[in-house]
Every structure is written in C-alpha cells, then in structure tokens.
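Keep the viewer open as you read.

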Amino acid sequence: MFKTEPIPEGHPLYDEGSLVVVGSTFEEQLLLPDKDVMLMVYAPWCGYSKKFFSVWEAFAKIVSDQAHLIVAKMDGDRNSSPLPEDFSWPAYPTVLHVKAGERWPTVFHGNRTVANLVKFANEHGSQQIKLDPSVSSELESEL
C-alpha cells in the first residue's frame with residue numbers, strides 16, 4: 001500500500017508554479033499521453049530540499065508558458081509512488097522527468113541550476129522548450 005495525503009482542495013492545485021501531486025493523484029497527473037512532466041520529490045524537513053526550492057520555483061516560472069511541460073512537486077515523506085518498481089527516490093530532493101506517453105522516469109543527476117533543468121528537459125522531452133532570447137542568454141551564463 002502506498003502513502004498519500006488527502007487530495008488538495010481546489011485539485012488540481014498549483015503552488016509557486018508547481019502542480020501539487022499526492023500519492024492518490026500520482027498516475028493521473030504524471031503519466032500523460034500528451035505532456036512531459038518534471039517532478040521534484042522533496043521532504044519539508046530536508047535542508048537540501050529547502051535550498052533547492054528557490055531554483056525549482058525559478059525553473060517553474062521560466063517554463064510556465066510551455067504547453068507541453070508540467071512542473072510538479074510532491075512531498076515524498078508524506079506520499080509514496082503507487083508504482084514503486086518504476087518510481088522511487090533514494091534521497092531528497094529527487095527530480096524525475098516523464099516523457100509524454102511513457103511510464104518510466106528519467107532521473108536528473110547534476111548541478112541543480114535552472115539552466116541545467118532546462119537542458120535536462122530538452123534532452124529528455126518530447127518537445128524543445130522555447131524561451132525568450134533574453135532568458136536563454138541569461139541561462140547560458142549559468143552553464
């Protein structure tokens with residue numbers, strides 16, 4: 001049996017640009033035929049998660065107009081995956097990418113910057129992220 005918080009009031013609920021996922025909404029919100037999903041699994045008590053929130057929120061804001069990409073987050077301490085063979089996280093925060101129409105995630109490894117998250121989404125996504133040129137050049141300076 002997997003863990004789940006109650007479904008958020010106002011479901012689907014967005015917080016700081018991220019779709020809030022719980023265990024019971026995991027499959028319906030992450031395994032989509034026509035959209036890529038980037039999911040951050042965090043623990044509220046984890047210092048690394050707390051430090052990463054500002055980067056994640058900046059990433060969510062920059063890609064908010066990308067129709068093919070959903071940015072989501074889930075409290076991995078209070079929720080678990082109904083698909084533990086395919087979705088697991090050994091540490092917090094863990095970033096997973098699910099390509100449109102697929103059931104298996106790709107795990108992000110690397111320096112946790114907005115530029116690297118965009119690059120990762122482009123490498124594994126069904127479509128490229130199209131950013132405003134000024135944002136693109138700002139991100140390139142991060143790489």
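Start with F108, which you'll find in the loop between β6 and α3. Keep in mind that you're looking at a predicted model. Is F108 buried or exposed? Its relative accessible area is 10%, and the cut-off for buried is under 20%, so F108 counts as buried. Leaving aside residues up to four places away in sequence, F108 touches V95, N116, L117 and F120. For a sense of distance, pick L13, 95 residues away along the chain: its C-alpha atom and that of F108 are separated by 24 Å.

The buried ones are V114, A115, N116, L117, V118, F120, A121 and N122. And what do they pack against? Their partners are β3, α2, β5 (94-98), β6 (106-107) and α4 (133-140).

That brings us to the largest nonpolar core, with 23 residues. M38, W56, F59, L117 and V118 are the ones with the most contacts inside it. At least two residues of this core come from each of β3 (36-42), α2 (47-62), β4 (69-75) and α3 (114-124).

Now for the aromatics, where the structure holds six pairs. Take W45 and Y92: their ring centres are 5.8 Å apart and the planes sit at 90 degrees, so this pair is edge-to-face. W45 is in the loop between β3 and α2, while Y92 is in the loop between β4 and β5, so the pair ties together parts that are 47 residues apart in sequence. W45 itself is exposed, with a relative accessible area of 55%.

F52 and W56 make a tilted pair, because their ring centres are 5.9 Å apart and their planes are at 50 degrees. These two are four residues apart in helix α2, so about one helical turn separates them. Both F52 and W56 are buried. Ring pairs link F52, W56 and F59 into a cluster. Finally, look at R112: its charged end sits over the ring of F52, 5.8 Å from the ring centre.

Notes: Residues numbered from 1 in each chain as written. Predicted model: local features only at pLDDT ≥ 70, side-chain atom pairs only at ≥ 80, totals over all residues. Heavy atoms only, no water. Core = buried A, V, L, I, M, F, W, Y, C linked by side-chain atoms within 4.5 Å. Buried < 20%, exposed > 50% of the residue type's maximum accessible area, 1.4 Å probe, protein only. Contact = heavy atoms within 4.5 Å. Phe/Tyr/Trp six-rings, centres within 6.5 Å; stacked < 30°, edge-to-face > 60°. Lys NZ or Arg CZ within 6 Å of the ring centre and 35° of its normal.
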